[in-house]
Amino acid sequence: METFRFASFSLNAATRQLLCDGREVSLSPKSFQLLLLLVINRHRAMSKGELHQSLWPSTFVVDTNLASLVAEIRRVLEDDAAKPQFVRTIFRFGYRFVGQVEADGLTHPLTRPAARHWLIWDSGQTELADGINVIGRGADASVWIDAPGVSRCHARILVRDDDVTIEDLGSKNGVYVAGSAVTTPRRLADGDQIRLGSVVVTFRMPGVSAVTETA
C-alpha cells in the first residue's frame, strides 16, 4: 500500500508527500521517514533502538535527535503528547502510531496479518518481529521487561520465518529454556518456557498449535 489516510491527512510513500485536506504540508525528510515507519508498523510499538537503526543505520545518535523528529511530527499533525491522537510515547521504550488508518482509499482500516510469534508472561505479551529481538531492561530493548534479575541486554531472539532461536547476551542471571541453561543459540518450539532472572515467559507460535491440533 502506498497511500495511508488518517483524519484529514494523507501520507503517500511513493511521492513522499504529506497532505492535509489536499494541501501539501512541509515535513523534513527524516521526520517523514519516521512517520511512515510508525504508520506502517502501527499494529505495534517500535523501540527507540529499532527506530535509530532504521533512521540512522550504523551511526550513533543521541535520543534527543529522535525526540526532535517526534516533536516536529506532532507539531505538523497538531497532536498533543499528553492526549495523543496519532503518536503515543511508550514510556522508557519508544513510540506507536495510534490513529485510525485507511489505505489506498479503502473505506475500512487495513487488516494486518495474524501474528506468528509471541512472548507471553504474567504482566504482558509482545509480538516478535522478523529478525533480531533483544530482551532486557534497557530502554532500547525490543522486548522491554523491567523486573528484578533481568539484565539491560539479557537475551536475543532471532526470527527467520518459523526458525526461531534464543541466545544469552552475557546476562548476570542466565537464560533457561525448559529448565536448561542456554549456553549456545537454542531453537525454540511452541510452548517453550524461558526464564530470565525472576521472569518466566512462554514462547508461542499459534499457527503451529493449530496445525498440531488438527493433526
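Buried here means under 20% relative accessible area. I began with that cut-off, and with it 40% of the 215 residues of the chain count as buried. The model I am reading is a predicted one.

**Entry 1. Inventory.**
I looked up the secondary structure and found four helices and 19 strands in the chain. I then looked at contacts between residues at least 6 apart in sequence, and 43% of them join residues at least 24 apart.

**Entry 2. The helix pair.**
I went to helix α1, residues 29-40, and helix α2, residues 48-55. The two pack with their axes 11 Å apart, at an angle of about 130°. Angles of 65 to 115 degrees count as roughly perpendicular and those over 145 as roughly antiparallel; α1 and α2 are therefore oblique to each other. I noted the crossing of α1 past α2 as right-handed.

Which residues make the contact? On the α1 side I listed Lys-30, Gln-33, Leu-34, Leu-37 and Leu-38. On the α2 side I listed Leu-51, Ser-54 and Leu-55. Sorted by class, the contact of α1 with α2 has five nonpolar residues, two polar and one charged.

β5 and strand β7, residues 94-97, pair in the antiparallel sense over two bridges. The bridge partner of Met-46 in β7 is Tyr-95.

Is Ser-47 buried or exposed? I found Ser-47 in strand β5. Its relative accessible area is 1%, so Ser-47 is buried. I also took the distance from Ser-47 to Arg-96: the two are 49 residues apart in sequence, and their C-alpha atoms are 8.8 Å apart in space.

**Entry 3. The sheet of five strands.**
I turned to another open sheet, this one of five strands with mixed pairing, in the order β12-β11-β13-β14-β17. Its edge strands are β12 (143-144) and β17 (186-187), and each of them pairs on one side only.

I worked through the pairings of β14, which covers residues 163-168. With β17, β14 pairs in the antiparallel sense over two bridges. With strand β13, residues 155-160, β14 also pairs in the antiparallel sense, over six bridges. What stands opposite Thr-165 in β17? I found Arg-187 there. Thr-165 is also the bridge partner, in β14, of Leu-158.

The background for this entry is that strands of a sheet pair through backbone hydrogen bonds, either parallel or antiparallel.

**Entry 4. Positive phi.**
I looked for backbone angles that stand out, since most residues other than glycine have a negative phi. In the hairpin formed by β13 and β14, two residues lie between the strands, and Asp-161 in the turn has a positive phi of about 55°.

Asp-21 has a positive phi of about 55° too, although it is not a glycine. I placed Asp-21 in the loop between β3 (17-20) and β4 (23-25). Exposed means over 50% relative accessible area, so Asp-21, at 53%, counts as exposed.

Where is Ala-178? I found Ala-178 in the loop between β15 (175-177) and β16 (180-181). Ala-178 is not a glycine, yet its phi is positive at about 55°. At 56% relative accessibility, Ala-178 counts as exposed.

How values were computed: Residues are numbered from 1 along each chain as its sequence is written. This is a predicted model: local features need pLDDT of at least 70, side-chain atom pairs count only at pLDDT 80 or more; totals for chains, interfaces and linings use all residues. Side-chain values use heavy atoms; hydrogens and water are left out. Axes are lines fitted to C-alpha atoms, for helices over the stretch in contact, and angles run from 0 to 180 degrees between N-to-C directions. Angles under 35 degrees count as roughly parallel, over 145 as roughly antiparallel, 65 to 115 as roughly perpendicular and the rest as oblique. A crossing is left-handed if the near helix is turned anticlockwise from the far one by less than a right angle, and right-handed if clockwise. Contact means heavy atoms within 4.5 Å. Ala, Val, Leu, Ile, Met, Phe, Trp, Tyr, Cys and Pro count as nonpolar, Asp, Glu, Lys and Arg as charged, and the others, Gly among them, as polar. Two strands pair if DSSP finds at least two bridges between them. Buried means under 20% relative accessible area, exposed over 50%, partly exposed in between (1.4 Å probe, protein chains only).
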